[in-house]
Amino acid sequence: MKHNFGAGPCILPQEVFKEAAAAVLDFNGLSILEVSHRHKDFVAVMDEALDLVKQALNVPKGYSVAFLQGGATLGFTIAALNMQREHQRAGYINTGTWATGAIKEAQKMGLAVDVLASSEDQNFSYIPKDYVVPAGLDYLHFTSNNTIFGTQFKDVPKTTLPLVCDMSSDIFSKTINVSDFDFIYAGAQKNLGPAGATLYIVKDDALGKSTAKFMPTYLDLKQQIDKESMLNTPPVFSVYVAMLNLRHLLANGGVPEQQKRNEAKANLLYSEIDNNPSFKGAVSTEDRSHMNATFLLTNEERSAEFDTMWKDAGIVGLPGHRSVGGYRASMYNSLPIESVQVLVDVMKEFNRKA
Ligand SMILES: Cc1ncc(COP(=O)(O)O)c(C=O)c1O
């Protein structure tokens, strides 16, 4: 078995892989890949998947959940289209590539964007904290976990504005208070399931109030939610596997227990990064992500040697994003702590050889 530290699509539980594989061959006499999305058996899957999201995140009454396609990239557009109001102006916190992408799409949707804070001055290696959120904005957008640079908001930004969040790379990894948000979106392919589905959690009061001049049917969350994520053919297999994965999460203590497992993994790796003189962290300590740990060698000239060692140990997916370099260990929900221990052992051995 490989130790998959890939940033996404990423590891899911082995049990889920097995159940998904079985359903490809036999889902009530058909393959899950050929079943109609209107068939009662799949409608039951969609209903259960939506319900399990609500259970896992304690989604309060007054919020709706939907599965769409298009990834979080289309989420940038859908958020801007659905959340724009009379000001036609929104605040964004720029913490890196994905936040920058969200800003660009909001501008394309006709919004004036105020970048209220940015960590671009230090290559997105920290989470900005000192900023003022002025009135006169339709909403405030942030990216809870910066998958590429390895930073993560530890607290939700304080604001009275409707809060919109791209939670693609840390949803289901720690408890959140859904009522802090008006609009959450997340691509499935980290902690939820395989690529193909995108999750939306939206306050019902926020639906149907957009001032957008044009609103394609597919991108109108009100219509999507009214049709219970069946406005058109949903990503059947991705939703099915997400449902299996959510069942697995809830059977293993839900998000609170998962958070403890994630903290243990992150502590194990970060303490090695801090105590091993051959390595150094790539971002501000207080803003370190529990999902994506980025780190560098103190002696770059030994990179070929380190690369051979971790590859020989069966580790995959460790190189940093091409825009950052160094290394990135993504420790999503399903990565066992044993895999982190394998990486830590390689790091110790690498330092012994120095
Ligand atoms: C935080 C974040 N936002 C957006 C995206 C883009 O997601 P997608 O590929 O689903 O469009 C990613 C992808 O990794 C991400 O990590």
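This is a predicted model: local features need pLDDT of at least 70, side-chain atom pairs count only at pLDDT 80 or more; totals for chains, interfaces and linings use all residues.

Biologist: In what order do the seven strands form the open sheet?

Modeller: Strands (E, at least two residues) and helices (H or I, at least four) are DSSP runs numbered from the N terminus, and two strands pair if DSSP finds at least two bridges between them. The pairing is mixed, and the order is E2-E10-E9-E8-E5-E3-E4.

Biologist: Which strands stand at the edges?

Modeller: An edge strand has a single partner, so one of its sides is left without a neighbour in the sheet. These are E2 (63-68) and E4 (112-118).

Biologist: In E10, what is the bridge partner of Ser64?

Modeller: E2 and E10 (residues 198-203) run antiparallel and are joined by six bridges. The partner of Ser64 in E10 is Val202.

Biologist: Which helix gives the most to the shell around the ligand?

Modeller: A residue is near a molecule if its C-beta atom, placed from the backbone, lies within 6 Å of it. The residues surrounding the ligand include Gly71, Ala72, Thr73 and Asp166. With three residues, the helix that gives the most is H3 (residues 71-83).

Biologist: How many residues of the shell around the ligand are charged?

Modeller: Asp, Glu, Lys and Arg count as charged. The shell has two nonpolar and eight polar residues, and the number of charged ones is one.

Key:
Residues are numbered from 1 along each chain as its sequence is written.
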